[in-house]
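Subject: Structure for you to look at

Dear colleague,

Here is the structure I said I would pass on. My notes on it follow below.

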Amino acid sequence: MNNLKKLGLSALAGSLVAVSANAGEMSVSGAFNATYVTKDGNSGAPDSDHGIGLGNDKDFGVSGSGELDNGWTFAGNTLMKEAGGFDISSSNLSMTMGSMGTISTGSGTGGSSTKYDQQTPTAYEEFDDAGSETLSANLVGSALDNNSLIYNSPSFDLGGISASFDIEYSPEATGTSPNDGGSQQAADVGSGRSLGVTLSGGGLTLGIYGSEQEYDGANTNIGDQFQGVWYANYSIGPVSVGYSQSYYDAGKDTTAATAKTAAKTVGTAGGIFEATQMSISFKVNDNFSLSYGKADDTYDAQSNVSSGTEIDDVDVNHKHIAAAYSMGGMSIKAYRTETDNLNFDSDAGSITKTEIALGLAF
């Protein structure tokens, strides 16, 4: 207990008023998961086209919290996942300042963008978690996932609508986090910032988020990055429907536009990535839910039409069906996802992935 108090206070010293902390609390949680996965496709890559796997992993988390004499509360948590051993996958330190909101920093937390990207309802997994291709929507704001300071406002009334906002700043928006006492250095990358707003009322939730990362000019073929996303979800009784659009511009030079039949990587390819997704979920009862959704992710090379180098857009398509059943600390979940035009390559074929997962949590 005393060590936790010392850790919390030393991490906050110099930025907050000097106050003492009351006795804190610590808790331990964990989960065991087993999965059965099959993959089938025609992408031309044998390792991807056909596969069967029976896998398992273990998660172990430690969290602590406490309260200062002025009523503010602090909390910290660390999650370790099995990856050939136990590795720290995420950690977070936060200070809730009563009615003034929460300030936090951490590593592997997903930053503010995780509250806005791919927010349409699903029974199990996001579309690209289940598929074989990462949606560009999932990378919106990813340069701020680590090495950043986040402010989350409390909810407040705005003419009968509940509203909140999130502000994020990174002095070096590399997407990675330094060790304790370390610093980030990158030849081209400068600071980054983001702003997100959420409005909800009457079963409808709206969210909009924008992120910008500066480049320092060391590479003349790079401009500032910009990404944005918005979503709208509506729930009535056991049914929830959602729609979302995202935009990703890595600021890369498009002089050498990428061919329609070549693979592209979000974040390194020139041009614009735009994604739309929609889904519907149905809660059969308190324990069982179903969902169906689809997503289209479009790559636009922004090629020069006048010079005769126009390159057709390429769409990556996802179709996703999922189900989840829970009973106390046990859950059984499943999905089936079909992905076409892998890596934004028009002749790359498709992959269908099916997973059944058993989870036990304590």
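Tyr-247 is partly exposed, with a relative accessible area of 30% (partly exposed lies between buried, under 20% relative accessible area, and exposed, over 50%, using a 1.4 Å probe and protein chains only). Before the rest, a note on the source: this is a predicted model, in which local features need pLDDT of at least 70 and side-chain atom pairs count only at pLDDT 80 or more, while totals for chains, interfaces and linings use all residues. Residues are numbered from 1 along each chain as its sequence is written, and side-chain values use heavy atoms, with hydrogens and water left out.

Aromatic pairs

Tyr-247 pairs with Phe-226; the ring centres are 6.3 Å apart and the planes at 50°, so the pair is tilted. (Rings of Phe, Tyr and Trp, the last by its six-membered ring, pair if their centres lie within 6.5 Å; planes under 30 degrees apart are stacked, over 60 edge-to-face, and the rest tilted.) Phe-226 is in strand β11 (residues 225–236) and Tyr-247 in strand β12 (residues 239–249), so the pair ties together parts 21 residues apart in sequence. (Strands are DSSP runs of E, at least two residues, and helices runs of H or I, at least four, numbered from the N terminus.) Phe-226 is also partly exposed, at 40% relative accessible area.

The structure holds nine aromatic pairs. In another of them, Tyr-116 and Tyr-209 have ring centres 5.5 Å apart and planes at 25°, so this pair is stacked. Tyr-116 sits in the loop between β5 (102–107) and α3 (127–130), and Tyr-209 in strand β10 (residues 204–215), 93 residues apart. Both Tyr-116 and Tyr-209 are buried.

Ser-244

Strand β12 also holds Ser-244, which is buried with a relative accessible area of 4%. The Ser-244 side chain reaches the backbone oxygen of Trp-230 at 2.9 Å (a polar contact is a pair of N or O atoms within 3.5 Å; within protein, one must be able to donate a hydrogen and the other to accept it, and residues adjacent in sequence count only if both atoms are side-chain atoms). Leaving out residues up to four places away in sequence, Ser-244 touches several residues, among them Thr-120, Val-229, Tyr-231 and Thr-276 (contact means heavy atoms within 4.5 Å).

Regards
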